[in-house]
Amino acid sequence: MKINILKEILPVLAITFLVSCNLTKDVEIDLPDYDRQPVVECYLEPGKPFRMLLTRSYAFFDTLGLSSNFIQNALLEGALVTITYNGQTDTLKNQLTIVTNPLKVYNYVGQNLVPGTPGTEFVLNIRLADGGEITGTTTMLSVVPIDSVVVEFNPELDTLARMLTYITDDQSEENFYRRLLNYSSLDSFPDQDFLVTDRFSQTALIAFGTGYELKEGDTVFNTIFHVTRDYYDFKESVDLAVVGNLNPFAQPSPIKSNVRGSANPVGIFAPLVYDRDTTIVMK
Amino acid sequence: MNYSFLSPLLLLLFPLLGAAQNATVSGTLRDGQNGETLIGATVQAPGLGKGNASNEYGFFSLTLPEGNDSVELRFAYIGYQTQTLKVVPRGSVKLDIQLMPVGSVLEEVVIKANALDEKRKSTEMSVSTISTREVKALPALFGETDIIKILQLKPGITPGSEGTTGLFVRGGNNDQNLIVLDEAVVYNANHLFGFFSTFNSDAVKDLKVYKGGFPAQYGGRLSSVIDVRMKEGNSKKLSGTGGIGLISSRLTLEGPIQKDKSSFIISGRRTYADIITEQINKANENTPDYNKIPRYFFYDLNTKVNFTLSPKDRLFLSGYFGRDVFTFKDPTFDFRFDWGNATGTARWNHVFGPTLFANTTFTFSDYRYKIQNELQGFSFSLGSNVKDANTKVDFYWQPNNSHTVRFGANVTYHDFITARLKAGSDDGRVRFESGRDYDGWEYGAYAADEWAFDRLKLSYGLRLSMWQNDPAFYANIEPRAAANYEVNKRLSFKASYARMNQYVHLLASSGLSLPTDIWYPTTEGVKPEISDQIAVGTSYLIGDQILVTWEAWYKWMQNSVDFKDGAELFGNNDLENELAIGRAYAYSPLELEIEKKEGRLTGWIGYTLAWVRKGDFPEIDNGAWFPPRHDTRHNLSVVALWDAHKWKKKGKDKSLQITATFVYTSGYPAWLPSGRASFTDFPGAQPQFVVPIYGPRNTFRYPAYTRTDLGIVYKWKRKNGLENDLTLSVYNATDRRNPYFITIAVETQPTPLGEVPFEIKARQVSLFPILPSLTWNFKF
């Protein structure tokens with residue numbers, strides 16, 4: 001039997017070396033003291049009821065809530081929650097609500113539907129059971145529609161294709177977008193998830209692309225969210241916080257919230273407007 | 001502008017002009033084997049109690065009372081045979097002295113020059129020198145000898161992350177080191193994300209680092225000056241050195257162009273992991289679902305030529321070019337990331353007379369990185385670049401043995417491209433562009449005198465530095481002073497003060513040296529960084545072989561630059577909005593070095609007890625003071641080189657040298673999260689059940705770092721003169737698991753809501769286990 005050193009022996013040696021090196025180990029560490037904070041997550045989706053998830057954060061190693069009913073343990077109940085817009089105030093009811101496809105959880109839900117008129121201003125007020133207060137404001141944005149979706153097969157490897165998604169940006173003002181790309185279902189782990197600003201776009205046309213990684217028959221969910229500056233900053237800081245914990249090259253960031261008040265909250269109050277295209281890759 | 005500050009200095013210099021009639025002996029000190037000039041070699045007239053040392057260009061000048069009786073002069077340099085000769089001190093005596101090295105394997109190393117005593121008596125303090133002998137013999141990561149990593153073993157210098165070439169000198173940041181190669185600035189002295197430095201030890205002649213007490217001729221950085229000088233090339237005969245190691249191979253050729261008049265050196269180094277990975281890729285090109293390994297390599301090329309134009313004129317031309325290249329190419333993806341430095345130096349040494357020497361230099365520096373991705377109608381590129389063009393002239397005037405005067409001026413043009421991003425379609429329908437260009441002019445002028453009288457030596461000077469970046473203009477005066485009081489033949493007290501200004505700033509998003517870090521100029525919004533440092537110390541000579549140096553220092557810095565939380569470095573034309581400006585200070589009551597440079601056992605022990613704090617940044621923790629990542633309380637290093645055995649067998653000279661280093665560093669501060677929150681996120685995104693919440697910066701400290709490295713150097717020399725050595729390096733010989741970083745690991749379990757956490761643990765990740773490596777070096 002002929003043995004190929006490069007193909008067979010070297011990889012085995014490399015794997016053996018890494019395993020035997022045992023370069024990671026669990027350690028006991030003391031983290032700084034931490035006071036739990038209210039966590040607000042309230043997205044205003046036009047045409048849907050006002051909905052909010054209000055939870056509490058944990059000290060990092062707190063064993064509370066590390067269980068299958070993780071969310072239920074974190075829920076912060078008994079708060080008075082109102083949202084004011086167009087001169088009217090809606091009170092959100094403290095009620096656990098689970099929405100499927102994609103799966104989302106809320107514990108405060110309103111009766112009225114969110115108006116989608118761009119420019120509408122919303123004010124969130126929360127009075128917690130312990131008297132702590134939280135406020136936030138945001139403004140409804142317009143949907144930026146997907147102009148076109150183009151599937152192109154690789155000229156050399158015609159089994160693999162890429163997808164180009166185009167939108168037309170309003171260059172008269174600074175806009176922020178979040179791009180999500182899901183394969184197979186909206187509950188799948190996104191293949192692409194990033195934020196972008198049009199600050200440096202020299203053209204009204206903006207393209208979002210994939211690599212040559214799609215195959216015939218793949219289903220692609222292509223979503224372009226139009227987001228506020230507050231949301232952009234919040235999401236960036238969340239991503240940096242997550243990456244900063246995993247990557248020694250990255251600088252962590254505290255979470256940049258747009259909700260404030262005596263309760264010392266973290267979180268986000270923002271519109272949720274998007275256009276979504278679903279395409280099945282065909283030759 | 002008020003220039004009245006120059007008056008006291010001119011008054012101090014004025015008496016020098018009226019010096020008495022004397023004879024002057026001047027010339028150049030060189031290595032007798034290869035013609036290299038010797039820096040810091042001593043020339044003494046023992047009978048008269050007078051002495052001096054050669055400057056950084058090998059030039060020396062010694063003033064003697066005129067007379068008809070011959071005077072014995074002694075020329076000495078560590079590692080060389082001392083030479084004595086007699087001269088009659090009348091008028092100007094010009095001597096070009098060549099000292100023969102005593103380092104060949106069979107010779108008994110009896111070194112007469114007492115370099116440690118010279119160091120004790122000098123006004124210079126906070127200075128370390130590294131010899132290439134030490135660099136080549138000491139154990140190294142993957143056997144890759146590295147002059148910068150040896151520097152990290154000196155007291156007062158804290159390394160960055162494990163295995164990297166980061167230098168944090170006396171509480172300063174990594175960008176506060178003025179690294180010059182043959183007087184040209186090297187902006188990013190790193191390969192492979194900082195794991196190796198750009199300096200090929202085969203091409204380096206000498207390295208000197210100033211941690212404080214900066215001479216007036218240096219400016220532009222707050223915390224250190226690292227002066228690296230390339231070899232000039234063997235002017236006697238063609239010779240070469242080289243080596244084959246685990247990571248790279250090296251080859252250096254040097255020789256005379258015209259014997260004793262001109263010479264050249266060319267030195268190259270390249271890694272070869274990519275040759276192996278390309279073979280693996282080729283072997284697997286038909287394997288389904290095989291993930292191709294990206295190609296990575298780095299290389300350096302050093303060249304230098306020098307010409308003796310006349311007895312008074314010498315011309316040097318030198319250059320460095322190095323690149324790291326990371327590529328990946330297949331039909332679906334075409335990516336290239338390369339970065340590196342280029343420097344060029346043209347230097348003209350002119351001897352005006354026995355007491356006046358001038359060096360005129362033109363340098364060019366370029367550091368750039370570029371990331372490119374091109375594919376089927378679309379392209380992306382991101383890059384930064386900093387370029388310098390510098391002219392300077394330095395005068396070295398020694399009117400008598402009591403005074404050594406230096407004065408000069410320089411002007412530098414800086415050109416910056418910061419994070420230039422271009423992306424879009426080839427047809428122009430889609431186009432993104434960002435990044436800005438800046439330039440700036442930096443000027444410096446200085447005058448300084450070293451004044452020796454009896455037991456006291458004073459060094460005092462002023463530097464005027466200016467920066468122009470329209471419409472910003474800054475002018476700063478930088479006083480420099482140092483003193484040495486020699487209590488007796490063994491004990492000296494020293495003190496120094498130096499102010500430094502820094503007009504270029506590195507925007508680095510982590511404690512590591514990444515090629516994508518951006519150099520940014522001083523502007524109206526970003527003011528020059530300023531540091532003041534005072535130091536006091538003593539040097540005590542034990543016997544004539546061991547020097548104990550204690551120093552205590554305090555350094556305070558203004559206009560320190562840091563990032564606001566969550567700063568955006570790329571795709572941002574207003575980088576200044578991401579910066580926070582504050583202050584910093586550092587101090588050490590105890591920086592101790594015990595050096596032994598002669599005998600069979602040489603080396604040093606360095607220990608530093610220090611504190612570093614940054615604060616007053618309005619946008620960071622409301623201005624609170626915090627310890628930066630390089631605030632390590634205790635730093636201990638022990639370095640030993642032992643010439644264990646020498647013998648002769650079958651006509652071959654052989655020797656065995658054993659080397660070891662030991663390092664202990666207190667745990668460094670880290671910014672770890674204190675809390676965690678959960679977010680369900682937008683539809684289509686995965687819920688994030690553990691989002692870390694970060695509180696104040698750097699409240700956690702890592703465990704201490706300890707490492708022992710061992711090395712064995714086996715040398716043999718053939719009758720034909722070919723010298724070989726096999727160097728075995730064992731990095732982390734005790735196989736200790738040192739912390740590289742600590743991550744919070746979350747174990748999850750599936751639920752209808754997604755993957756929710758059920759266990760959270762702290763996990764320490766180590767980088768290097770025990771790593772033996774073997775290198776073969778040769779010399780002919």
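**Entry 1: strand β16 of chain B**

I began with β16 of chain B, residues 224-230, and found this strand mostly covered, with seven of its seven residues buried. Buried here means that 20 or more other C-beta atoms, placed from the backbone, lie within 10 Å of the residue's own. Strands are DSSP runs of E with at least two residues, helices are runs of H or I with at least four, and both are numbered from the N terminus. This is a predicted model, in which local features need pLDDT of at least 70 and side-chain atom pairs count only at pLDDT 80 or more, while totals for chains, interfaces and linings use all residues. Residues are numbered from 1 along each chain as its sequence is written, and chains are lettered from A and ligands numbered from 1 in the order in which they are written.

Next I looked at which way the side chains of β16(B) go. B:S224, B:I226, B:V228 and B:M230 point one way, while B:V225, B:D227 and B:R229 point the other way.

**Entry 2: its partners**

Which strands pair with β16(B), where pairing takes at least two DSSP bridges? I found β11 of chain B (residues 177-181) joined in the parallel sense over five bridges, with B:L181 opposite B:V228. I also found β15 of chain B (residues 204-210), which runs antiparallel to β16(B) and is joined by six bridges. In that strand pair, B:K208 has B:D227 as its bridge partner.

**Entry 3: a sheet in chain A**

Over in chain A I traced an open sheet of nine strands, in the order β16-β9-β8-β5-β6-β7-β3-β2-β17, with mixed pairing. Its edges are β16 (259-260) and β17 (266-271), each with a single partner strand, so one side of each has no neighbour in the sheet. Inside this order I checked β5 (80-85) and β6 (88-99) of chain A, which pair antiparallel over five bridges. A:T84 stands opposite A:T89 there.

**Entry 4: domains of chain B**

The domain assignment (bounds from an automatic or database source) gives chain B domain 1 (6-113) and domain 2 (229-749 + 767-779). Their C-alpha centres are separated by 33 Å. How many residues of domain 1 of chain B are in contact with domain 2 of chain B? I noted 27, against 32 residues of domain 2; contact means C-beta atoms, placed from the backbone, within 7 Å. On the domain 1 side, α1 (6-13), β1 (23-31), β3 (50-53) and β4 (59-64) of chain B each supply at least two residues.

Definitions and conventions:
Buried ≥ 20, exposed ≤ 12 C-beta atoms within 10 Å, placed from the backbone. Pairing = 2+ DSSP bridges. Contact = placed C-beta atoms within 7 Å.
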